[in-house]
Amino acid sequence: MLDSLLIANRGEIACRIIATCRRLGVRTVAVYSDADRDARHVRLADEAVRIGPAPARESYLRIEAILEAAARTGAAAVHPGYGFLSERAPFARAVGEAGLIWVGPPPAAIEAMGGKDVAKQLMRRAGVPVVPGYDGDDQGEARIAAEAEAIGFPVLLKAAAGGGGKGMRIVERPDELAESLAAARREALNAFGDERMIVEKYLRRPRHVELQVFADSHGRAVHLFERDCSLQRRHQKIVEEAPAPGLADATRAAMGAAGVAAARAVGYVNAGTIEFLLDEDQSFYFIEMNTRLQVEHPVTEMITGLDLVEWQLRVASGEPLPLRQEEITGSGHAFEARVYAEDPARGYLPSAGRLERLRFPQVAPDLRVETGVDEGDEVTPFYDPMIAKLVVHGPDRGAALRRLEQALDSCLIAGPSSNLGFLRAVVGTAPFRAGAVDTGWLDREGAAGLAEAEPGDEDLVLAALALAEELAEQGRRRARDSADRTSPWHRTDGWRLNRPHRQLLRLGQGERSWPVEIERLGDRSLVAVAGREHDARHGVAADGSHWCELDGRRLRFMAELVGDCLLLVHDGRRLEFRLPSLAAAAEPADSGADLLNAPMPGRVIKLLVAAGDRVTKGQPVAVLEAMKMEQRFTAPRDGIVTAVHVREGEQVPEGTRLLDLGDAP
Ligand code: ADP
């Protein structure tokens with residue numbers, strides 16, 4: 001086993017690789033750009049070397065800088081992760097020439113599989129089924145048109161050098177070909193510096209099923225079963241699972257054999273993935289091979305109980321594969337969901353910014369959270385906006401799906417937008433639950449409908465009840481912590497100086513906000529939303545979940561206030577509300593007399609009047625600080641201050657009467 005490893009990557013995958021190295025006692029060297037100086041992978045590694053400015057081109061893609069970092073730190077090997085330089089044969093070659101161990105396949109295998117055209121030719125010769133199509137050298141438009149005609153429309157144009165869905169065009173009819181071809185070529189030239197195209201039969205409703213293969217340098221090759229990555233948006237994976245639901249045993253066996261044959265055909269060593277499209281009739285076709293560790297490798301680890309990074313390091317060190325094919329077994333079912341900083345409702349627009357709040361579910365043997373960030377870190381616009389991968393395991397698909405839902409429900413992200421609500425909605429749809437989605441399903445379905453979790457009246461009622469309870473609880477905590485324990489202002493039994501306590505709360509989402517008014521009547525509350533009043537009883541159970549009796553029904557839900565973000569999980573949906581500032585979130589229900597009641601727990605930072613003072617309407621009388629916001633109180637009318645109930649510096653619970661106003665003589 002090698003003793004030190006440089007990880008030529010960042011983010012979650014760098015952290016993931018470091019975790020295995022830790023366990024195996026391998027010293028780790030991270031590299032970082034200026035944008036990542038304090039990134040999690042840098043914090044976790046034994047040593048880290050700066051390799052350049054933020055743009056990847058000037059840092060993570062600079063072969064020279066990475067080799068120099070390896071030399072400076074005496075690293076024995078280089079792991080490329082995925083993305084960046086992971087599938088660049090010249091990099092693999094340079095690593096070898098520098099006398100370092102390359103944790104990946106031989107450069108020749110990367111090259112052979114690097115072009116979709118050459119890869120398909122190779123696979124055809126190895127007897128692996130490929131999608132019917134054209135992958136020849138003649139790139140003339142006439143030839144491509146003739147081939148498309150022969151294949152039969154619709155066809156798919158693909159950049160031979162392609163990846164990430166770029167340079168791809170579906171062509172439905174012959175008269176669309178010329179224009180689509182020109183567009184796909186432009187895109188391919190831009191993205192890959194190579195405009196060669198292949199043409200494929202466009203499968204209407206395929207599933208994406210891929211096979212994890214592994215080969216060692218002693219001529220042995222095995223597979224570690226398949227992953228289903230059919231839940232895609234714009235040809236990019238967002239949820240993956242293993243095993244593939246509904247895959248016939250015979251198909252699984254045939255796919256395994258084809259994958260191993262494919263790996264052998266290119267003299268493959270280390271981890272690789274053979275991607276297939278599975279047609280509705282269970283026939284499968286090779287589309288490409290990824291010559292690296294995949295983003296979604298953890299689902300394979302979950303069902304096999306193996307550590308693929310450990311296998312990679314062992315194989316790279318020259319050890320034989322740890323297990324034979326018949327010793328590799330899969331059990332249960334696993335899912336991975338990719339949590340992105342993006343806005344699915346706005347065309348998956350990436351979002352950047354500081355992760356003000358970041359909460360993940362508790363990790364457990366059946367739940368992994370793979371992330372490259374911590375709370376307070378920045379999602380920068382320079383790299384992939386993935387925040388985390390949630391990986392779950394269950395004894396069967398249904399159980400694993402429930403675990404995934406729970407995991408999604410207990411995440412909280414405040415700062416950049418995230419696709420959490422979208423993921424939650426998607427995994428709850430009937431087609432996904434049935435394991436019946438094809439790769440185009442989500443795009444046909446339309447993200448907007450799934451992404452917009454518009455709160456209903458019931459959601460607003462529950463959110464407001466939970467928020468009011470949380471604000472009251474904060475008041476109780478502050479009172480307990482405050483010096484003056486005997487002050488009547490710390491009473492939390494609903495005692496009020498004047499009359500039933502009413503609160504107006506404002507729940508915001510993006511540009512919109514909804515006012516909710518709550519009136520407490522003993523253990524009940526009257527909650528007014530959108531002009532309708534609801535009679536509610538609300539409480540928090542021992543397990544932290546909330547319950548509510550609402551208009552004759554009892555509901556169970558989850559709610560949590562973290563900073564200025566209220567998370568509500570109810571009825572299979574998750575909603576996040578922003579409370580723009582709590583000063584604005586909690587206003588007195590009616591202007592006038594109530595204006596002199598503290599609308600939330602806070603500290604009196606200034607008293608501007610004393611008993612006996614004459615005041616005029618609008619004159620500032622006190623300043624309260626709550627949630628780092630200052631709120632000024634003004635006299636609601638002309639009058640005389642008859643009593644001041646609070647002192648400067650005092651913590652007051654919500655609802656506290658600050659002062660009394662009498663009529664001027
Ligand atoms: P890339 O390398 O750009 O990711 P792939 O060839 O791996 O491109 O294909 C990506 C995705 O595009 C597949 O998972 C599938 O959703 C879709 N796709 C690719 N080829 C076809 C095809 N012939 N018919 C239908 N869909 C396809």
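**Figure 1. Overall view of the predicted model.** Among contacts in the protein (heavy atoms within 4.5 Å) between residues at least 6 apart in sequence, 62% join residues at least 24 apart. This is a predicted model, in which local features need pLDDT of at least 70 and side-chain atom pairs count only at pLDDT 80 or more, whereas totals for chains, interfaces and linings use all residues. Residues are numbered from 1 along each chain as its sequence is written, and side-chain values use heavy atoms, with hydrogens and water left out. The protein holds 18 helices and 39 strands, both taken as DSSP runs numbered from the N terminus (helices: H or I, at least four residues; strands: E, at least two). The C-alpha trace spans about 105 × 55 × 45 Å along its principal axes, and 56% of the 665 residues are buried, where buried means under 20% relative accessible area, exposed over 50% and partly exposed in between (1.4 Å probe, protein chains only). Carbon and sulfur atoms contribute 48% of an accessible surface of about 27,000 Å², computed by the Shrake-Rupley method with a 1.4 Å probe, and for residues only the protein chains shown count as cover.

**Figure 2. Close-up of glutamate 200.** Glutamate 200 is found in strand β9 and is buried, with a relative accessible area of 1%. Its side chain makes a polar contact of 3.1 Å with the side chain of lysine 158, a polar contact being a pair of N or O atoms within 3.5 Å; within protein, one must be able to donate a hydrogen and the other to accept it, and residues adjacent in sequence count only if both atoms are side-chain atoms. When neighbours within four places in sequence are left aside, the residues in contact with glutamate 200 include Lys120, Val131, Ile151, Val155 and Ile287.

Figure 3. Helix α11 (residues 308–316) is largely enclosed by the rest of the structure, because eight of its nine residues are buried; among them are Leu308, Trp311, Leu313 and Val315. Aspartate 307 caps the N-terminal end of α11 through a side-chain oxygen that lies 2.9 Å from the backbone nitrogen of valine 309. Glycine 318, which follows α11, has a positive phi near 95 degrees.

**Figure 4. Close-up of helix α4.** In helix α4 (residues 89–97) the buried residues are Ala89, Phe91, Ala92, Ala94 and Val95, and these pack against α3 (63–73), β4 (77–79), β5 (101–102) and α5 (107–114). Just after α4, glycine 99 takes a positive phi of about 80 degrees.

Figure 5. Glycine 435 and alanine 244 lie 191 residues apart in sequence, but 8.3 Å apart in space from C-alpha to C-alpha. Not counting residues up to four places away in sequence, glycine 435 touches Arg207, Pro245 and Arg397.

**Figure 6. Close-ups of backbone geometry.** Most residues other than glycine have a negative phi, and most peptide bonds are trans. The bond from phenylalanine 153 to proline 154 is cis, with omega near 0 degrees, and proline 154 is located in the loop between α7 (141–151) and β7. A cis bond also joins alanine 242 and proline 243, with omega about -5 degrees; proline 243 has its place in the loop between β12 (236–242) and α9 (249–265). Phenylalanine 225 has a positive phi of about 70 degrees and belongs to strand β11 (residues 221–233). For alanine 530, phi is near 45 degrees; this alanine lies in the loop between β26 (524–529) and β27 (532–540) and is exposed, with a relative accessible area of 65%.
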